[in-house]
Amino acid sequence: MTDSKTVPPAPPQPTGAVMVVGGGIAGMQASLDLADQGFKVYLTETSSAIGGKMAQLDKTFPTNDCAMCTISPKLVETGRHPNIEVMTSSEVLDVKGQAGNFNVSVRHKARYIDVDRCVGCGDCADVCPIIIPDEYNEGLSQRRAAFKLYPQAVPNAYAIEKRGIAPCRDACPAGQRAQGYIALIREGRWDDALRVIKMDNPFPGICGRICNHRCEEACNRGLVDEPINIRALKRFVTDKVYEAPREPQEAAPRLFDQQVAIIGAGPCGLTAAQDIIRAGYGVTVFEAMPVAGGMLRLGVPEYRLPTEVIEREVQDIIDLGVDLRLNHRIDDLDALFESGYKAVLIAVGAHEGIRLPIPGASLDGVLVNTHFLRDVRLDKYADFSETVQAGKVDLAGPTLGKDVLVLGGGNVAVDCARSAVRLGCQVQMACLESREGMPAHSWEIDESLEEGIRIHNDRSFEQILSDENGRVRGVECSMVESFTFDEGGRLLVEKTPDSKHVIPCDTVIFSVGQRAGLAFIPEDAGVGITNQQTIAINPNTLAATRPGVFAAGDSVSGTSFVIEAVDSGHVAADSIIRYLQGEALETAPKPDLPVVQMTKHEIDQRIKSGEIKPQPRVPMPELEVDKRIDNFREVEGGYDEVGAQAEAARCLACGVCSECMSCVFACGRDAIMHDELETTETIDIGAIILAPGYQIYNAHLSQEYGLGRYQNVVTSLQYERMLSASGPTGGHIKRPSDGASPKRIAFLQCVGSRDQEHDYCSSICCMYAAKEAIMTIEHARTEGHNGSENGAVTCQVFFMDTRAYSKGYEEYYRRAESKYGVQYTRCRLSDLKEDPDSRNILVRYSAPYEGMKDIVEQEFDLVVLSVGMEISESVKDLGRRLGIQLDPYGFCHTTLFQPLQSSRDGIYVAGPFREPKDIPETVIEASGAAASAAQLLAPARYTLARVEEYPPERDVMNEPARVGVFVCHCGSNIGGYIDVPGVAEYARTLPHVVHAEDNLYTCSQDAVAHIIEQIEDLELNRVVVASCTPLTHEPLFQDALRHAGLNPHLFEMANIRNQCSWVHSDDKSAATEKSKSLVRMAVARSVKLQSLKVREVPVNHTALIIGGGAAGMTAALCLAEQGFPVHLVEREPALGGNLRFLRYFIPTDGDTLNPQEYLAEMVLKIEEHPLIQVHTNSELLETGGFKGNFSSTLLEDGAFNKVEHGAIIVATGGVEYKGTEYGCGDDPRILTQLEFERFLSGDPEPGIMIGESPASVVMIQCVGPAEHYCSRICCSTALKNALKLKEISPEADITILYRDMRTFGFKERLYTRARAEGVRFIHFDFDDKPLVSVGGPESKLNVSVKDPILDREFLLEPEMIVLSTPVVSPPGMREIAKRLKLSIDMDGFFLEAHVKLRPVDFAADGIFMAGLAHYPKFLDESIAQAKAAASRAASILSKKTMLTNAQVAVVDPLLCVGCLTCVRICPYEVPQVSADFSGVGNIIGAAYIQPAVCHGCGTCVSECPARAIQLMHSTDDQTMVKIDALFEVQETEKDIIPIEQVELKQ
Amino acid sequence: MNAKIFNPEIVAFCCHYCAYAAADLAGSMRLDYPTSIKVIELPCSGKLDVLYVLRAFEDGADGVMVAG
């Protein structure tokens, strides 16, 4: 090293991507802002669709706009933005790295449907049998396990919900999807149900009868009452389907040459045969017996399992092409391989019965179970019962007698005993075990007893006694005290001394076990045998020790149940297939879903909430004893349809999705992926914005409100869904108990807010309750007018303070009261109970403010709980994983000066996650957080954002129209109700159509690629798609046109799904005819379409900010730090605005600066920043131009100064109102809050009394204009100053006279603290305001006020009166508004473009607002809004060029008379009459509409009396031709301006 | 009673932003209405020209609905 100088490492280039967490309105807004500014955005959302809480709302206050209508364009925009990657069902796990360069790991949960393939047609949901509560409708309706969160959901794709594996399936050895077929039975879909069973088990009819149904033991329903009768349902459905004659199965196609030998045609061997043959191999099954079915056919008595069922199910397998060789005993394994079999499966079962080695075991009349049952089944005893009845039983030889004793207590022993009963024998059983300990099923034992079988328990068998002829005469037994097995498995019995006795009988049947007969495997065959005489195998693969040999079923496991044999067969087949494919036998185990084990607590909760109704099993009919003991008829009957469906309806659908695979068959896009696994991905990003939102308070926890217990108590969000026209009640308010229209509705405020557990106010509940009450009354009025309902409904709100603190809210609240008659009762409830007969709710309360001191009881039909906001546990976990500081409630900690910054650098927050708030503030914060991220990552702008590239556009305007029509089936959504090929056929007959076709899904990726090919190959120059709605799908197809080199405006859609198939589903021919009309109209219009050009306009990157207060300065710094030059204009000689007058902040954690220190720091930064040019003593005189290209004139220190800029931020602030109310200005002891604050700080304004802190102060709230609108900050400011005075002199006597204390959000804590510190609060009403009288400078100040609780006048004599006067707009504001053509609201503040979703935008493009100019607000709110305004401005300033709109109004100046109609009518104030153009008769001055700012609504077009304006892409002839086409009227020459005359005239 | 049932042909001019979206939602919710109602989308109900209404009647419409 020659040079020892070390160069400090350059700071790493930040990553130009941002991760936004949470897909609600905040997450969408932040994503759109950033993506528009050249950053790549990853938007993660835990649920299956974006939209958040706002998508659930009905209307929004205070404008009563439909929430979905306003949010839906944002959803579509977010979903389609090329630089936003929406990741649904995803969550952030971990964040490594530091601000600017994070590495985030994100978990993508399995959605089970491929979002890219899914076209949202909903066919999967139509066939899904699982019904669960719909969380989008807050549990008021039901949905399927395959679902789309809501109709407008983005992405427009379905998802499948799986909670886990249902316990029934988990318990079943073969993994039977019991929950699935039960649900299908409930729906009456018998064939589907049987298909689901047969997927895992080829023997449903058999298992439906004899399975030991471990599924039922595991069933969660057992926690409610009784398990589902799963076995009976299985049997029911097989009986149902088997009523029809069996259809032969098609043979499975043979794909491979290899042949597999299976020894044994029992359930195991046949299951394996089925699987292997379906995989394309040949299978030979060798069976020693004359019949197939193994133990099923030969070991289970007919009365339990009819032969025809076995034969049918066996034959279904044989049909596949199995070479079945009966009576073919295999005795040489090697010979099988030598004759060409590539693999051998030994599935011989366990047919060798065992005799106990006791004396007499070989006497005549001693039989073994397996042989006995087989003989019965093969009809060897066909005439035996007649023989018995005739008393002619021949006891010579090893035959059955009439007195039978079965030794053994298992199920097979019971089978032997009950079979013997049916042959006419007297039957007894004897076994080692006690009654309870018998291995046989208890119901089998019960049925045996019913059939007259005597059971001797606790017996040990000593010997079998012989009669003189060598035949059995009885069994000598001892009584057993206890028994155990030693380590070697040997039985140790403790007998009762001297208990020997004889049980007489003439026949003994041993039923003490059975085993496989493996005599055909010689010792040198290479196949290992275990000590228990079973084949040694690898338990995972069932491979024996010799390659190519596998063994399964009872021959390896010992005796077990048929379902285990089936499972074993599947496993063996799987291994054999892998063996033949040359693959490793062991597969990696699939990650398991958890087994859903419900807790008693969960069950109780669901019973309480009415979701589960206890209801015992539907009983199964059974053959009575006397009808069954003399024959082999089936004992169990079966359910009928009604019984089966009722039983199936009891299922709790534990796993949610049951993997019944119905969706897989229904999906035409192969989009279903039931085996999808959860994945984790790591992503490099530069910053994170957390907008995870809130959850509503779980009011079930506050039992006093009765939610869940009383049906007619609902949450506000449930009520919101009830109000919604798209909700579960179609917008008709129906109370849950009986569906009646409630006439008396109570709204209970502060549920989960401002209580013992929540020391904060949730900020939104007062307003949404007012909105819900207003909407209720509006609904009732409309329905009343329709004559369908009696319109009278009363809404009563029980509240503490009405927090109508934001823009337009006070007016809205008063309207609720005065115009709609909503009753407001200021009180806390005492209790609430249900009238059990009417289900009405009785509310008890006292309302001292209303003069009702005693408790009264009032009856309501419905009670709505205004539930507050909380942070969910999962969001708290997220906060902890990310290492950011949360408060005890889980809200994200932020500071006053950096309200959008979490405690970890580079992680920003927005929305209710940092404090409860409503939608406009959430949107503001989202944009603000986006600005913070952009500030951090500015150097990396446009490094990762993608720009779509298109081929050059073909000029087709001189060609004759060549229209291509593509008609979509949308799976069955259109195709099921409309003759789609017929519509396409019809389209071919229309003029100019050169091609028409139908597609299964026109919007699928392959279909879109096909459209592009068709455009190119057929030289199409117009495209019509007849499918769904253009609102979601037009951009997709327009993009296809661009990729094919066509102008995107040459595209037209016919909405035959939403407007035909979905609404006319009951009339296929009329719907088809209407579809043809719509296609005809679309084709006609398409011919008239024109290529439209957009222009690229260069953008000036400088911002003009008017107002140098906190908001203006914050916005200036935010933009300058991103590299945008700023002109900061301030009318005063110094920067600072209202911040100059503040002395204290409302105390918050972590903020140590006082206002003046903060201001000084800020001013210093501004002055030092090279990109900020401060213009003090300056005023905006005039502005011209449009977004991206403004030009303004400033009057600066008396001189004109012209500046060019691309965007404007208006931050002109507000001032404290100073009027004459309450003696203001009359006496130096009567101050405003700002004056009082300065007084307290010892730095008063000139002319204000200086002195000791007053010993007593009265504060009066809501002074002057605040009687009309809420100034938002005064309550908290009053408390701040009151607490400051208490800090200075704790004895000070402070009384606050208030109307409502509006300490929303965390400011509630100030209120609580003030009360704790002894500040007195007295409520007053505007019609009974306090009176202030001042006698003179020496006399006392008098305030008289009426205390409503004590109901008497108080006379207060404070040393000082402090008036909380509101923020009002500053002088000169109207001038600014006029110069920038901005609107002002009725309270004198600037009017935003949309009060909910565009709170910083003006209707005029390129102009934004922040701070008090918008509405009174706190410093942190001003900072957030300033950043938001900077973000909105940056989305213009960051662009090199801007594209003008294409669909704009264009004036033909030659027709313009300059009448100004367009100028007056335009809602965006775009048209101007310009002297650059000449109008009719060449008179100077014609209207001009700047295309860069025209919104394309066309209002001016229809208003223009001279018809001088046309709207591009929606010209009159383009609309007229549609009307003509609808009525099939030939196009006529009308007074329409030919389109050729309307050229963009620039 | 007249045997012939009057089935009026109605043209509905719908605002792109609200009424057209509402008609879409009616589809999602499978609400029924007569097939003789046909929707024509407008960029805004402000774009409705009286000429459209007249043309519809002239061409044979029995009713015109404007929704926005």
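# A tour of chains A and B

Select A:His213: this residue is buried, with a relative accessible area of 10% (buried means under 20% relative accessible area, exposed over 50%, partly exposed in between, with a 1.4 Å probe and protein chains only). The model is predicted: local features need pLDDT of at least 70, side-chain atom pairs count only at pLDDT 80 or more, and totals for chains, interfaces and linings use all residues. Residues are numbered from 1 along each chain as its sequence is written, chains are lettered from A and ligands numbered from 1 in the order in which they are written, and side-chain values use heavy atoms, with hydrogens and water left out.

**Stop 1: around A:His213.** The residue sits in the loop between α7 (204-210) and α8 (214-218) of chain A; helices (H or I, at least four residues) and strands (E, at least two) are DSSP runs, numbered from the N terminus. Show A:Arg231 and A:Trp443, both touched by A:His213 when residues up to four places away in sequence are not counted (contact means heavy atoms within 4.5 Å). The side chains of A:His213 and A:Arg231 are joined by a polar contact of 3.4 Å. A polar contact is a pair of N or O atoms within 3.5 Å; within protein, one must be able to donate a hydrogen and the other to accept it, and residues adjacent in sequence count only if both atoms are side-chain atoms.

**Stop 2: strand β43.** Select residues 1022-1026 of chain A, where 5 of the 5 residues are buried. A:Arg1022, A:Val1024 and A:Ala1026 point one way from β43(A), while A:Val1023 and A:Val1025 point the other way. A:Met1053 in β44(A) is the bridge partner of A:Val1025. Between β43(A) and β44(A) the chain passes through helix α30 (residues 1030-1043) of chain A, in a right-handed β-α-β crossover: with the strands pointing away from the viewer, the path from the first strand over the helix to the second runs clockwise.

**Stop 3: a five-stranded sheet.** Next, pick the open, parallel sheet of 5 strands in chain A, ordered β48-β47-β46-β52-β63. At its edges are β48 (1172-1175) and β63 (1407-1409), each with a single partner strand, so one side of each has no neighbour in the sheet. Within the sheet, β46 (residues 1103-1106) and β47 (residues 1126-1129) of chain A pair in the parallel sense over 4 bridges, and A:Leu1104 has A:His1127 as its bridge partner in β47(A). Helix α33 (residues 1110-1120) of chain A packs on the sheet, touching β46, β47, β48 and β52 (1207-1210), and its direction makes about 170° with that of β47(A). Axes are lines fitted to C-alpha atoms, for helices over the stretch in contact, and angles run from 0 to 180 degrees between N-to-C directions.

Stop 4: Select residues 1516-1526 of chain A: 11 of the 11 residues of α42 are buried, so the helix is largely enclosed by the rest of the structure. Its buried residues pack against elements of both chains, including β68 (1509-1511) of chain A and α2 (50-59) of chain B. Just after α42(A), A:Glu1528 has a positive phi of about 55°.

Finally, show the contact between the chains, which takes 44 residues from chain A and 39 residues from chain B. A:Leu1031, A:Trp1062 and A:Phe1527 supply 17% of the area that chain A buries against chain B, more than any other three residues. Buried area is the accessible area (1.4 Å probe) that two parts lose on being put together, summed over both.

Terms used: Pairing = 2+ DSSP bridges.
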